Amino acid sequence: MSTPTDGPAAPDRAPGDAPTTPVSRAGTVPLTETTRGTDPAPAAAVALADDEEAAERGRLDVALSVVRKIAEYAADHTAGTVRTQRRLAGLDLGESGTSAKVSGYGEQVDLRLEVPLAYPARITDSAAAVRDHVRERVQALTPYRVRTLDIGVSALTDPAARATPRTPTSRTE
């Protein structure tokens, strides 16, 4: 049963639920009874209010395993890198790409990448492209700053030779 102070029930909420309050976005002030007819708050006060709201909501922790996956993905999708065939005793085990190790403290991380590169190409140019792309993606997607980024070349592979399927040779006489 609804009380007269609740007003009519909206289709998206049950009777007796509290009415929703307007959500403020960065740089805006919600229009309420207390702000009508007054000047908008200065930008510094709005930013301070947003920081206080964020502190009330909590914080976001990003695990280093997530940083590792972001770094591997970014490196694998950089021009000049390739995926290599994994084989053990002549058995095909699939493909592998970049592998990364991450360590860090506070808001800084150290990355160590093992990257298979395309050959023939300038290794220094390919490594610089990987370094720039990985650093940009990790810093854009996580709260971490990349302190050091070391790159080791795990393989040099000719992508054209890999694209050509090998035909088995038969030794029938």
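Student: Before we start, what should I know about the numbering and the model?

Tutor: Residues are numbered from 1 along each chain as its sequence is written, and side-chain values use heavy atoms, with hydrogens and water left out. This is a predicted model, where local features need pLDDT of at least 70, side-chain atom pairs count only at pLDDT 80 or more, and totals for chains, interfaces and linings use all residues.

Student: Okay, what is the strand order of the open sheet of three strands?

Tutor: Strands here are DSSP runs (E, at least two residues) and helices are too (H or I, at least four residues), numbered from the N terminus. Two strands pair if DSSP finds at least two bridges between them. The edge strands are β3 and β5 (145-157), each pairing on one side only. With mixed pairing, the order is β3-β4-β5.

Student: And which way do β3 and β4 run, parallel or antiparallel?

Tutor: Look at the partners: valine 102 is bridged to leucine 111 in β4, and glycine 104 stands opposite valine 109 in β4. Seven bridges join β3 to β4, and the two run antiparallel.

Student: Which residue in the hairpin of β3 and β4 takes a positive phi?

Tutor: That hairpin has two residues between its strands. The positive phi, near 70°, belongs to glycine 106.

Student: Now the helices: how far does α2 reach from its first C-alpha to its last?

Tutor: Helix α2 covers residues 64-76, which is 13 residues. The expected span of a helix is 1.5 Å times one less than its number of residues. For α2 the expected value is 18 Å, and the helix comes close to that, reaching 18 Å.

Student: What do the buried residues of α2 pack against?

Tutor: Buried means under 20% relative accessible area, exposed means over 50%, and partly exposed is in between (1.4 Å probe, protein chains only). In α2 the buried residues are Val67, Ile70, Ala71, Glu72, Ala74 and Ala75. Take alanine 71: leaving aside neighbours within four places in sequence, alanine 71 is in contact (heavy atoms within 4.5 Å) with Ala100, Leu111, Leu113, Val134 and Val138. Together, the buried residues of α2 pack against β3 (99-105), β4 (108-118) and α3 (123-141).

Student: At about what angle does α2 run to β3?

Tutor: Axes are lines fitted to C-alpha atoms, for helices over the stretch in contact, and angles run from 0 to 180 degrees between N-to-C directions. Helix α2 lies across β3 and β4, and its angle to β3 is about 140°.

Student: How many residues are in the largest nonpolar core?

Tutor: A nonpolar core is a set of buried Ala, Val, Leu, Ile, Met, Phe, Trp, Tyr and Cys residues joined through side-chain atoms within 4.5 Å. Those with the most contacts inside the largest one include Val67, Ala71, Leu111 and Val138. As for where the members come from, α2, β3, β4, α3 and β5 each supply at least two. The largest core's size is 19 residues.

Student: Is valine 146 buried or exposed?

Tutor: Valine 146 is in strand β5. Beyond neighbours within four places in sequence, valine 146 is in contact with Val109, Leu111, Arg135, Val138 and Gln139. Because its relative accessibility is 3%, valine 146 counts as buried.

Student: Last one: how many salt bridges are there?

Tutor: A salt bridge is a side-chain nitrogen of Lys or Arg within 4 Å of a carboxyl oxygen of Asp or Glu. Among them, arginine 83 meets aspartate 76 at 3.4 Å, N to O, and aspartate 125 meets arginine 122 with the closest N and O atoms 3.2 Å apart. Arginine 137 and glutamate 136 meet at 3.8 Å, N to O. By this rule, the count is seven.
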